[in-house]
Amino acid sequence: RAYERYRTGGLAALFTIAYRNIGRNRRRTVLCGTAVAIAVFFNVFMQSWIEGMIGGIEEVVRTYETGHVNVVSALFEAEKEYYPVQYPVADGRDAGDLVAEIESIPGVRAALPRVTAYATLFDSTVKHALLWGIDPVREREMNLFNLTERSDGMILGRYPDRGANECAVGFDLARRTGLGLGDKLPLKTVSAQFSDKYWNPTIVGIFRFDYRRYDEDVILVPLDRLSRVLVLGGGAQQIFVYAEDPDRVSGIRAAVAAAAGPGNVVREWTDNYWVAVLRRSTVLYFVIFGVFQVVASFLIINTVLMVIHERIKEIGMMGALGMTRREIVSVFFFEAVYLSVLGAAAGCLVGGLASWIGSLFPIDLNTFTGGGMKDMPISGTIFLKFSPGILAKGFGFGVLVSAACTLVPSLRSAFIEPVEALRR
């Protein structure tokens, strides 16, 4: 009777037959749909994890290491692991003038001078630290240093004022030294003239950036005060340029290089060592993701093969009723599409919910690493990336794989003679 309706109803009747087959055996339907849902869930979750991890590292690099475009002296670049302060950007030129010129370039949101120098601490169990000179006001307008909480990172006290004999220290550094708000921090550093400079700033703030390197080793000081201590004469060691549109960084880089002049190195953030390593390692991530894809595909394929194999007699009955091989394959294909759409939708719903929760409540990486990732530019937590694009790719994967893997076993079964199929 169904076949007669097909003859009068056309392709729509085949869809109807396939749809009704789904309800004929609920156990089989649930099993197949669950297989697709599980595969799609892991597809979505894995994509969210990988893209979230990569995005987190890149954000740390842009915030702390390079900006969108980084400007340094060529001499500084050759010895940058030592943070030499005797090689300012555009030597002989006032950093304020250069910053103003760079910020006049179309597409530049801000240009922020920074200075980093090594320091030796006195009367402390911790003997060495980094002095990080920034403009506290402008930096907080531009950056959220605590990338986990999306805040300025200050947990006690405040940022030091411009020009003041003040500093802020990381939470871990304060814990290891036993220092707190109001304490003096006697230290020594070396100026651009290679002379020892002794300094005794007052701690007015304790920060937690959730970036282990800075929380353990950094003393945050006002840029103008540090420049005077280091005898930089209005110069700056590095300039961090932030663009309004990150996709137009290449054009901005060329304009910044022209403003800085010869003898300077101007790099985009994508030239950073860790970003380059990460992007070269993308092949590895694709291999890992591909393994998940293969495992998920086999889960779907095995389930579909089992479902079709146990329906050999049904295929023989359809052939005995006069349905052609193409019609039989079409019915199974449409049925697989229905099941894959339902299963993929369920997998996307659960996977999307998991990635959305992971994007709001970050995963503590210290739980997995034991806090041993100090040298990598990565915060202590990772946010999963929630994206409609990821859900769309996961949904497409589930539908295409399950529908495509139905064709081969359906074709093989459809070519069995009806009598032989009924005998099985």
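The chain has 17 helices and 13 strands. Both are DSSP runs, numbered from the N terminus: helices are H or I with at least four residues, strands are E with at least two. This is a predicted model, in which local features need pLDDT of at least 70, side-chain atom pairs count only at pLDDT 80 or more, and totals for chains, interfaces and linings use all residues. Residues are numbered from 1 along each chain as its sequence is written, and side-chain values use heavy atoms, with hydrogens and water left out.

Start with the chain as a whole. It has 424 residues, and 51% of them are buried. Buried means under 20% relative accessible area, exposed means over 50%, and partly exposed lies in between (1.4 Å probe, protein chains only). Now take the contacts, meaning heavy atoms within 4.5 Å. Among those with a separation of 6 or more, 78% join residues 24 or more positions apart.

Next, look inside. In soluble globular proteins, nonpolar side chains tend to be buried together. A nonpolar core is a set of buried Ala, Val, Leu, Ile, Met, Phe, Trp, Tyr and Cys residues joined through side-chain atoms within 4.5 Å. The largest one here has 25 residues, and Leu131, Val169, Leu187 and Ile219 touch the most other members. Several elements supply at least two residues each, including strand 3 (128-134), strand 5 (166-170), helix 7 (171-177) and strand 9 (218-222). Strand 2 gives the most, with four residues. Which residues does Leu187 contact, leaving aside its neighbours within four places in sequence? Among them are Ala119, Leu121, Phe122, Leu131, Trp199, Pro201 and Ile219. A second, separate core has 20 residues, including Phe76, Ile134, Phe145 and Tyr159.

Now follow helix 3. This helix covers residues 26-66, 41 residues in number. From its first C-alpha to its last, helix 3 reaches 57 Å, close to the 60 Å expected at 1.5 Å a residue. The expected span is 1.5 Å times one less than the number of residues. Just after helix 3, Gly67 takes a positive phi of about 70°.

Helix 3 has a partner to look at. Two packed helices are described by the angle between their axes and the distance between the axes. The axes of helix 3 and helix 14 (residues 325-360) come within 7 Å and cross at roughly 40°. Here axes are lines fitted to C-alpha atoms, for helices over the stretch in contact, and angles run from 0 to 180 degrees between N-to-C directions. Helix 3 contributes Gly33, Val36, Val40 and Phe41, among others, while helix 14 contributes residues including Gly343, Ala344, Gly347 and Gly351.

Stay with helix 14. Val337 is found there. Val337 is partly exposed, at 25% relative accessible area. Val337 and Ser402 are 65 residues apart in sequence but 7.5 Å apart in space, C-alpha to C-alpha. Leu353 also lies in helix 14. Leu353 is partly exposed too, at 47%.

Finally, visit two loops. Most residues other than glycine have a negative phi, and most peptide bonds are trans. Tyr83 is not a glycine, yet has a positive phi of about 50°. Tyr83 sits in the loop between helix 4 (74-78) and helix 5 (95-103). Is Tyr83 buried or exposed? Tyr83 counts as buried, at 17% relative accessibility. Arg150 also has a positive phi, about 55°, although it is not a glycine. Its loop runs between helix 6 (136-142) and strand 4 (154-157).
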